[in-house]
Amino acid sequence: MSLVYRDLDDGDYRNAMFLAERLYAIDKKNELYIFLFSKCLYHMLDYTACFSILKAVKSIPCQMLFAQICIKLGSDPKMESQKKRRLWNDGVAALLLALSSKELPEKVYWGDELASTSVRHHLPSKASLCSLLADLYIKLDNTRAAAKYLWMCLQSNPYKVTAYNKLCDIAPDCVDFKTAQLPDHVFTPFQESKIDLRRNPSPYLLSDIIIPDTNASDIQFYKKIDRSSVRLNSHSLPAIRYNDTITVDQLRSFVTYQAKIIENDEDYKRLTGDNKRSQLESIKHEAIILLNNKIKQEKELRAQSTKNGLLKGNNDKSVIIQPSDTPLDDSGDISQGYNSNIHIRVDPDAMERDPPPKLWSAGNNQSSNDDALKEEKSNSQMIDRDIISNYFIPQPNYLAACFNQKANEYIVQGMNKIMKLLRIMANGYMYQSFYYCEQTALELHQLDNSQYDTPSVLCMLGRVYYDTSDYETAHALFRRAFKTSPWFCKEVPIYSTCLWYLKLSVELNILVYRMEHENYCHKYETYIAAGNLQKLYDNNDAIKWFIKAAQLDPSRYYAYILIGNERRDNGDDLGAKQYFANSMIANQRSYQAWHGMASCFNSMQQYGQARVLFHEAYRLHPRHPVILFTMASVLYELREYDVAETLIRKSIALSKKEENLLLLEKILTKSSEPTGIMEGSSFIY
């Protein structure tokens with residue numbers, strides 16, 4: 001936790017998020033771990049992920065962060081008004097729960113407030129909660145309730161001067177200033193006899209939530225295994241054992257599952273109390289709705305005719321109501337896939353309890369005891385929890401921390417355990433970046449299930465299997481990540497491409513639905529998933545979605561790859577080369593960009609240029625069966641049969657496709673002819 005907070009203070013949000021995910025994996029029900037992980041996502045501007053994680057969490061810090069996220073998400077100008085109000089109402093419910101919590105101190109301990117330069121406060125103040133709640137009520141056009149909580153904010157902490165400013169802005173409709181308190185009555189001097197300058201004797205920081213018991217769940221590791229200990233699949237890669245029994249309908253219901261902030265309607269009514277609009281507000285609100293409806297009708301009439309009324313049309317595009325920025329085709333599987341009559345009960349916790357996809361043992365006993373592979377847990381003597389807490393938490397009585405040798409050993413042991421975890425993760429990422437699928441899988445297998453079954457690890461493995469054309473295994477890993485963490489969108493473009501390769505139309509529909517309706521912060525990923533869905537139906541609109549993604553974020557290379565593939569498949573090799581070149585600019589190490597460019601020259605029968613480009617793609621990824629095949633086919637055209645035979649045999653070892661076997665047969669036939677061999681090939685393999 002200390003490392004995460006330090007990175008947050010330094011603004012290194014990406015590293016903080018990586019560390020916080022490791023912490024969150026240890027205990028997904030620890031409210032502080034959840035808060036830290038969500039706080040990192042919040043700083044990374046991934047508001048939809050925060051919303052999904054925090055909605056069912058009841059701690060006060062999480063509820064306040066959730067309300068802040070509701071304001072951020074509801075500020076999207078393209079979002080429907082109904083969705084905005086639903087988000088803001090969720091934020092209101094969360095803050096009302098927080099304000100009613102017994103954990104919130106009834107009085108202000110000014111000693112805590114004055115120590116803010118050196119002490120971190122893990123519990124938001126009542127004044128801040130009231131101010132945020134007022135902001136939400138202002139969004140909901142309920143100025144009467146907003147004024148109520150702004151007054152409560154000022155009563156708790158008169159230093160919140162912006163609360164008074166907001167009160168002045170909204171007051172004309174709900175406050176009578178003849179009877180209201182003026183600044184001279186609100187911002188009054190404190191009296192020494194009435195102010196409490198003590199620190200809170202029972203701070204939230206010292207709760208069991210913050211400092212877990214030393215016997216709590218810990219990071220564990222499996223012993224490192226070699227290649228001979230695991231089975232290999234048809235791609236000559238480590239086989240992944242998985243038992244995914246979830247049905248498509250269950251997956252659909254889980255994606256659309258929404259937990260309530262306040263489960264009991266009676267509790268909601270009790271908390272909201274009399275927070276209703278005043279009569280004046282209601283009258284004005286209805287008048288504004290009528291005016292907007294009238295303006296909309298006038299615009300529609302104007303759009304149907306010209307100024308002289310002779311020609312009908314919609315030339316005045318400024319008055320046409322535009323559709324959503326990302327409209328998806330509602331025909332076919334999309335509309336059928338989300339029938340509102342389908343109600344399947346899904347337990348999210350039960351879904352996460354399913355075993356994650358792990359390596360398949362090479363032995364005959366498939367139910368091998370994984371616990372036997374675990375390293376021996378340290379038998380170091382457990383020490384007093386209070387001694388450990390002294391390292392991290394300033395005590396209320398300001399006593400010096402009681403350090404001793406046992407505590408030092410325990411702290412260093414924990415630091416080294418985290419270091420080993422990060423070393424395994426770093427090794428896995430290094431192998432993945434060099435496309436070493438086997439080494440990546442074996443390295444990450446050392447992680448225990450809590451760390452292994454996280455979206456970053458599963459997607460790292462899914463990506464490396466995808467990069468070897470093993471789409472079935474990649475799909476299993478991506479699906480597991482999507483099932484347990486549907487807000488994690490980093491590899492959604494690759495996941496959707498796997499679904500397109502495997503022709504899994506219903507699952508791809510579900511993925512697109514989730515991206516379009518829930519993950520508002522991930523437009524790039526949404527556009528690519530939508531393009532793959534259109535492509536699955538042989539729709540020419542697929543390229544439009546890929547172009548949208550490229551225009552949204554020109555610094556990312558994958559959309560250019562997909563556009564280039566579409567152009568090339570449609571016979572536009574020149575247009576395809578431009579997009580592959582853009583992809584090279586965005587990522588010079590993308591083997592797909594070099595392979596795509598080479599394929600364009602190959603289809604134009606410019607084999608010499610294609611050979612050079614294929615060689616770079618091969619250098620970047622020498623274990624991809626498709627690159628090996630296409631390189632061998634170019635060398636076949638250049639009559640370099642010996643090298644072509646070597647490459648095609650490597651490709652067959654990875655993927656025994658019929659086209660590979662046919663090419664090998666052609667190469668062997670030509671190489672047996674004395675006049676067909678070109679000596680002195682310079683290709684290095």
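**Helix α25 and beyond**

Trainee: How far apart are the end C-alpha atoms of helix α25 (residues 523-536)?
Mentor: They are 20 Å apart, which agrees with the 20 Å that its 14 residues should span at 1.5 Å a residue, taking 1.5 Å times one less than the number of residues. Helices here are DSSP runs (H or I, at least four residues), numbered from the N terminus. This is a predicted model, where local features need pLDDT of at least 70, side-chain atom pairs count only at pLDDT 80 or more, and totals for chains, interfaces and linings use all residues. Residues are numbered from 1 along each chain as its sequence is written, and side-chain values use heavy atoms, with hydrogens and water left out.

Trainee: How many of the residues of α25 are buried?
Mentor: 13 of its 14 are buried, meaning under 20% relative accessible area (1.4 Å probe, protein chains only).

Trainee: And what follows α25?
Mentor: Asp 538 does, with a positive phi near 55 degrees.

Trainee: New topic: is Phe 37 buried or exposed?
Mentor: Phe 37 is buried, with a relative accessible area of 3%. Phe 37 belongs to helix α3 (residues 31-43).

Trainee: Which residues does Phe 37 touch?
Mentor: Leaving out residues up to four places away in sequence, Phe 37 touches Met 17, Ala 20, Glu 21, Tyr 24, Ile 53 and Trp 487; contact means heavy atoms within 4.5 Å.

Trainee: How far is the C-alpha atom of Phe 37 from that of Val 4?
Mentor: The two are separated by 9.0 Å, though Phe 37 and Val 4 are 33 residues apart along the chain.

Definitions and conventions: Helix = DSSP H or I, 4+ residues; strand = E, 2+ residues; numbered from the N terminus. Buried < 20%, exposed > 50% of the residue type's maximum accessible area, 1.4 Å probe, protein only.
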